[in-house]
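Colleague: I am new to this model and would like a close look at a single part of it. Please keep the account plain.

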Amino acid sequence: ELAERGKGVAFSFLCINPFYPQKLNYSYRLIGSSDEWSPVAPEKEAYFVGLRGGNYTFQVRTSYDGRSF
């Protein structure tokens, strides 16, 4: 829960995969801010700024090919 407007939050994430970790890509969203998934990319960090006070749920998913999650 964020208490007031103008706050930001950052997330770092990682999927543990012993076989092909370099092939993993990620997509994420912050429900309460946007229901849209981010573009698929290899970056393991997400930043959100200018959020209003309230409750949010962060979700992240992984993919090898950018299409299947």
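Leaving aside its neighbours within four places in sequence, which residues is R29 in contact with?

Modeller: This is a predicted model, in which local features need pLDDT of at least 70, side-chain atom pairs count only at pLDDT 80 or more, and totals for chains, interfaces and linings use all residues. Residues are numbered from 1 along each chain as its sequence is written, and side-chain values use heavy atoms, with hydrogens and water left out.

Apart from neighbours within four places in sequence, R29 is in contact with S34, D35, E36, W37, T57, F58 and Q59; contact means heavy atoms within 4.5 Å. R29 itself belongs to strand β2, which covers residues 25–31. Strands here are DSSP runs of E with at least two residues, and helices are runs of H or I with at least four, both numbered from the N terminus.

From R29 to R61, 32 residues along in sequence, the C-alpha atoms are 9.2 Å apart. From R29 to G54, 25 residues apart along the chain, the C-alpha separation is 16 Å.

R61 lies in strand β4. R61 has a relative accessible area of 26% and therefore counts as partly exposed; buried means under 20%, exposed over 50%, and partly exposed in between, with a 1.4 Å probe and protein chains only. With neighbours within four places again set aside, R61 is in contact with N25, Y26, S27, W37 and F69.

Strand β4 spans 57–63, and Y64 sits in the segment after it. Y64 is partly exposed because its relative accessibility is 47%. Together with F19 and Y20, Y64 forms a nonpolar patch on the surface, with about 400 Å² of accessible area in total. Such a patch is made of residues with over 30% relative accessible area and no salt bridge, with nonpolar side chains (Val, Leu, Ile, Met, Phe, Trp, Tyr) joined within 5 Å. A salt bridge is a side-chain nitrogen of Lys or Arg within 4 Å of a carboxyl oxygen of Asp or Glu. Accessible areas come from the Shrake-Rupley method with a 1.4 Å probe.

As for the setting, the protein chain has 0 helices and 4 strands, in the pattern β-β-β-β along the sequence. Its C-alpha atoms fill a box of roughly 40 × 20 × 15 Å along the principal axes. Of the 69 residues in the protein chain, 22% are buried. Among contacts between residues at least 6 apart in sequence, 65% join residues at least 24 apart.

Notes. Patch = residues over 30% accessible without salt bridge, like charges linked within 9 Å, V, L, I, M, F, W, Y side chains within 5 Å.
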